[in-house]
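Here is a friendly briefing to read alongside the model. Take a moment to turn it around on your screen, then follow the topics below.

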Amino acid sequence: MRVLFAASEMLPYVKTGGLADVADALPRALKKYTDISVVIPLYGFLELQNLEKVEDFELELGGISYSVEVYFTLQEGLGVYFIKAPLLSTTQHLYGYNDVDYANNDLRFGIFSASIVELAVRLKIDLLHLNDWHTALAALFIDQKSLAIKTVFTIHNLAYQGIFSQESCERLGIEPSYFNMDALEFYGQLNSMKGGIAYSDAVTTVSPSYAQEILTDEFGCGLEGFLHYHVEKLSGILNGINTKVFDPASDPYLHECYDTATLENKHKNKAAFLKNTKLKDPRKTLFVVLSRLVEQKGINLLIKVLPEMLEKKINIFVLGEGEELYTNKLNALSSKYSNLEFQNAYDEVLSHKAYAAADFFVMPSLFEPCGLAQMIAMRYGAIPIVHATGGLKDSVHEKKNGCGRGIVFEKFTKKEFSKAIGRAFKLKKDTEAFRESVVFNMECDFSFETGAKSYMKLYESLF
C-alpha cells in the first residue's frame with residue numbers, strides 16, 4: 001500500500017502547533033508497516049537546501065491556470081514532498097499575520113489540496129491521509145474526478161474549519177452541485193472541513209474522547225449534526241510523540257541529560273533553568289505552563305487561580321504567546337509577584353529546558369482534541385495537572401493505573417482547579433509517592449507505536 005500523508009505543517013520545517021509534531025512522528029511510526037511519504041507546502045519563508053525537483057504541472061481551477069512545482073527530500077529516512085505554487089508559496093507566514101488570516105487562504109489551500117491529488121495520481125498512491133481543513137478539499141476533488149484513491153481525514157481541532165464565501169467554489173473549480181447542506185454549504189458559506197468529512201472514506205480525531213465530544217452541542221462547533229450523520233466512519237485514535245526528539249536521556253538542549261536512574265540530574269536542570277529567570281531557590285516546587293494564550297487553553301481560569309498559588313512558597317514559569325488580553329494580565333501578575341516569570345514568546349529550545357526543570361506541568365484546557373505537551377511533560381518527569389477533556393482525559397489518570405499519572409479535575413471551575421493544585425502540593429510533600437509517579441510516567445510508552453497500528457488497521461479496512 002502506498003500512502004501519502006498531507007499536512008500544512010511538519011517538523012522540523014514549520015510549526016505552529018501539534019499538527020507539525022504529528023506530521024513528523026506518525027508517518028515515521030507507520031513506515032514500519034507501509035510505504036508512506038509526506039507532502040507539505042513550500043512556504044515562501046522556507047529556505048531549504050538540497051531539494052530535488054521531481055514534478056511540475058499545470059492546475060486549472062476556476063478557469064485560471066496555476067503552475068505547480070514539486071520538490072523532494074529525505075528527512076532522516078522519511079520522504080517529504082514540497083508543493084511550490086502561486087499564492088501558497090509567496091507568503092512569509094503560514095495562515096496569516098498579526099492574528100488576521102490571509103484573505104486568499106481559500107485559494108492558497110485549495111491549490112494545495114488540488115496539487116496533493118495530482119501528486120497522488122502521479123505517484124500511484126493508494127491512500128491519502130488528510131489532516132485538518134487545509135487539506136480537506138482533496139477528498140472532494142478525488143470525488144469530483146471519480147478517482148479510486150481512498151482517503152482518511154483526521155480532525156486535529158474542529159474549531160478551525162476553513163470557512164469562506166460561496167464565491168470560493170467558483171474560484172476553486174468546485175462544481176455547483178457540491179454546494180449544499182450535505183456537502184460544503186454552511187450557513188451560506190463554503191466549509192472546507194465539511195468537505196473532508198463528507199467525502200473521505202474514514203474520519204478520525206486525535207483522541208477517543210474527542211471523537212465523542214465533537215458529537216455534542218458543547219464541542220461540535222456547529223457540525224455536531226453533520227458528524228452524527230457520518231458517525232459510522234468516525235473514530236478516535238490517540239496521538240503520540242516523537243520519543244527520539246523528546247527524550248531527556250539524549251536531549252541536546254538540556255543542561256544535563258537524565259533518565260530514571262539519574263533523576264538527580266533533573267534537579268540540576270532545574271537549578272540551571274532558574275538562573276536564567278528571576279525565579280529563586282531550586283528547592284521550591286516549580287509549576288510550568290507552556291501554552292498558546294487563548295481561551296481554549298484555559299488561560300482565563302489559570303489567571304484566576306494564579307494569585308492564590310503565588311502566595312505559596314513556589315515558583316511558576318509561563319511561556320507562551322497569544323491574545324493581548326491574557327499577555328497584559330500575565331505581565332501585570334509577573335510585575336507584582338517575584339515568584340512568577342512570564343515570557344511572551346514561542347521558544348522550542350526553552351520549552352525543552354522548561355519540561356526538564358518542571359515539577360508540575362499545568363494544562364487546564366477548556367477543551368483539548370489531544371494535546372502533546374502533557375505527554376512530553378510526563379516523559380521528562382513533570383507531573384501534569386489537567387482538565388478532564390479530550391486527549392488529556394485519555395492520557396492522564398489520577399485514579400487509574402494506566403499511563404500516565406497526574407492530577408485531574410473534572411469540572412472547569414476555579415474551585416475544582418484550586419482543589420487540583422492542592423492535591424499537587426500534597427503529592428509533592430509525599431516524597432516517595434511523588435518520585436514513584438515521576439518514574440512511572442518516564443517509563444510509559446508515549447510513542448506513536450500503538451497509534452500507528454490502529455491507523456494501519458483502519459487503512460487496511462478500506463480496501
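**Salt bridges and the overall picture**

Searching the whole structure turns up 18 salt bridges, each being a side-chain nitrogen of Lys or Arg within 4 Å of a carboxyl oxygen of Asp or Glu. The model is predicted, so local features need pLDDT of at least 70 and side-chain atom pairs count only at pLDDT 80 or more, while totals for chains, interfaces and linings use all residues. Residues are numbered from 1 along each chain as its sequence is written, and side-chain values use heavy atoms, with hydrogens and water left out.

**Charged pairs**

- Side chains of opposite charge can pair when their charged atoms come close.
- Glu55 and Arg122 form a salt bridge through their side chains, at 2.9 Å from N to O. This pair links distant parts of the chain, with Glu55 in strand β3 (residues 52-61) and Arg122 in helix α2, 67 residues apart.
- Helices (H or I, at least four residues) and strands (E, at least two) are DSSP runs, numbered from the N terminus.
- Arg122 counts as partly exposed because its relative accessibility is 35%; buried means under 20% relative accessible area, exposed over 50%, and partly exposed in between (1.4 Å probe, protein chains only).
- Asp56 and Lys53 also meet in a salt bridge, at 3.8 Å from N to O. Asp56 is partly exposed at 48% relative accessibility, and Lys53 is partly exposed with a relative accessible area of 42%.
- In the salt bridge between Glu449 and Lys453, the closest N and O atoms are 4.0 Å apart. These two residues are separated by about one helical turn, because they sit four residues apart in helix α16 (residues 449-461).
- A network of salt bridges links Lys15, Asp21 and Glu348.

**The nonpolar core**

- The largest nonpolar core has 171 residues, and those with the most contacts inside it are Ile155, Ile174, Phe287, Phe317 and Ile385. Helix α2 (residues 105-122) gives the most to this core, with nine residues.
- Such a core is a set of buried Ala, Val, Leu, Ile, Met, Phe, Trp, Tyr and Cys residues joined through side-chain atoms within 4.5 Å.
- Leaving aside residues up to four places away in sequence, Ile174 touches Leu137, Leu140, Phe141, Gln144, Cys169, Leu184 and Leu190. A contact here means heavy atoms within 4.5 Å.

**An enclosed helix**

- Helix α11 (residues 348-357) is largely enclosed by the rest of the structure, because seven of its ten residues are buried.
- The buried residues of α11 are Leu350, Ser351, His352, Ala354, Tyr355, Ala356 and Ala357. Their cover includes α8 (264-275), β15 (285-290), β16 (314-320), β17 (340-344), β18 (360-363) and α12 (373-379).
- Asp347 caps the N-terminal end of α11, with a side-chain oxygen 3.1 Å from the backbone nitrogen of Val349.

**The chain as a whole**

- The chain has 16 helices and 20 strands, and buried residues make up 59% of its 463 residues.
- Its C-alpha atoms fill a box of roughly 65 × 45 × 40 Å, taken along the principal axes.
- Among contacts in the chain with a separation of 6 or more, 67% are between residues 24 or more positions apart.

Methods: Polar contact = N/O pair within 3.5 Å; in protein donor to acceptor, adjacent residues only side chain to side chain.
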